[in-house]
Amino acid sequence: TRNTATLIINELLDKGFVYEEGEKKAISGAGRPGKALFLESGNILFGGCIFKEDEFSVVIGDYSGKILREETVKVEDSEPTLYLSKVSRSLAQLEEEYPNIQRWGIGVPGLIDEMHGRILYTARLGWRSVDVISVIQRQVEKPCRLVNRIQAASLMSADFVLTENYRNAFYFHLPTGIGGASLTLMPDGRH
């Protein structure tokens with residue numbers, strides 16, 4: 001309904017996620033006057049973290065894809081509890097510095113149970129059956145999602161590779177072994 005739309009838009013305006021521009025157009029009935037809304041991409045932030053053998057990398061970006069911060073943190077011990085503790089502290093600190101972070105993507109090597117946020121097995125880190133997301137969420141406020149890092153990299157490249165002329169591709173990842181993912185552009189534009 002128009003009233004519901006008004007409530008949602010007012011909340012987005014209050015949070016600074018959208019802004020209005022142009023002349024208000026009078027409407028009949030309930031709801032707010034019509035006015036063009038635009039996304040304030042600099043106020044909507046996302047975080048990403050990639051696990052490697054002796055370090056993890058963190059990136060903060062806005063909705064338009066602009067990278068605001070990148071850093072790599074060395075990890076002396078790859079034992080899961082110590083490693084995840086260091087990751088959790090780093091992400092929690094970044095949430096304090098960037099309160100508009102909406103969520104985190106956590107990219108890890110190996111086999112994962114994405115639904116439960118678990119690493120099933122990763123030879124790179126030497127981990128088996130590790131509850132990654134539940135451990136991180138003890139210190140990190142924003143929602144986190146666990147993904148295989150090859151899958152994450154392939155999805156990132158899909159926007160550049162898949163077009164109407166090239167509807168299928170295969171992403172190869174060779175720097176730390178052999179990995180890959182099949183990419184397909186669906187009829188509705190999804191990949």
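Here are some questions and answers about this predicted model.

Q: How many helices and strands does the chain have?
A: Let's begin with the overall picture. The chain has 191 residues, and 34% of them are buried. Its secondary structure comes to four helices and twelve strands.

Q: Which strands stand at the edges of the open sheet?
A: Five strands make up this open sheet, with mixed pairing and the order β5-β4-β3-β6-β10. An edge strand has a single partner, so one side of it is left without a neighbour in the sheet.

Q: What is the average twist from one strand to the next in the five-strand sheet?
A: Keep the strand order β5-β4-β3-β6-β10 in mind. Going from one strand to the next, the twist averages 20 degrees.

Q: Which residue in β6 is the bridge partner of Gly 48?
A: Look at β3 and β6, which run parallel and are joined by five bridges. Follow Gly 48 across to β6, and its bridge partner there is Gly 105.

Q: Which strands does α2 touch as it packs on the sheet?
A: Compare directions to begin with: α2 makes about 20 degrees with β4. As for contacts, the helix packs on the sheet and touches β3, β4, β5 and β6.

Q: Is Gly 61 buried or exposed?
A: Gly 61 sits in strand β4, which covers residues 55-62. The cut-off for buried is under 20% relative accessible area. Gly 61 has 10% relative accessibility, so it counts as buried.

Q: How far apart in space are Gly 61 and Leu 45, C-alpha to C-alpha?
A: Along the sequence, these two are 16 residues apart. Leu 45 is among the residues that Gly 61 touches, along with Ile 44, Phe 46, Lys 66, Ile 67 and Leu 68, if you leave out residues up to four places away in sequence. In space, the C-alpha to C-alpha distance between Gly 61 and Leu 45 is 5.6 Å.

Q: How many residues apart in sequence are the parts that the Phe 51 and Trp 127 pair ties together?
A: The structure holds four aromatic pairs. In this one, the rings are edge-to-face, 6.2 Å centre to centre with 75 degrees between the planes. Phe 51 lies in strand β3 and Trp 127 in strand β9, so the pair ties together parts whose separation in sequence is 76 residues.

Q: Is the pair of Tyr 83 and Trp 127 stacked or edge-to-face?
A: Tyr 83 is in helix α2 and Trp 127 is in strand β9, 44 residues apart. Planes over 60 degrees apart count as edge-to-face. The ring centres of Tyr 83 and Trp 127 are 5.2 Å apart and their planes are at 85 degrees, so the pair is edge-to-face.

How values were computed:
Residues are numbered from 1 along each chain as its sequence is written. This is a predicted model: local features need pLDDT of at least 70, side-chain atom pairs count only at pLDDT 80 or more; totals for chains, interfaces and linings use all residues. Side-chain values use heavy atoms; hydrogens and water are left out. Helices (H or I, at least four residues) and strands (E, at least two) are DSSP runs, numbered from the N terminus. Buried means under 20% relative accessible area, exposed over 50%, partly exposed in between (1.4 Å probe, protein chains only). Contact means heavy atoms within 4.5 Å. Rings of Phe, Tyr and Trp (its six-membered ring) pair if their centres lie within 6.5 Å; planes under 30 degrees apart count as stacked, over 60 as edge-to-face and the rest as tilted. Two strands pair if DSSP finds at least two bridges between them. Axes are lines fitted to C-alpha atoms, for helices over the stretch in contact, and angles run from 0 to 180 degrees between N-to-C directions.
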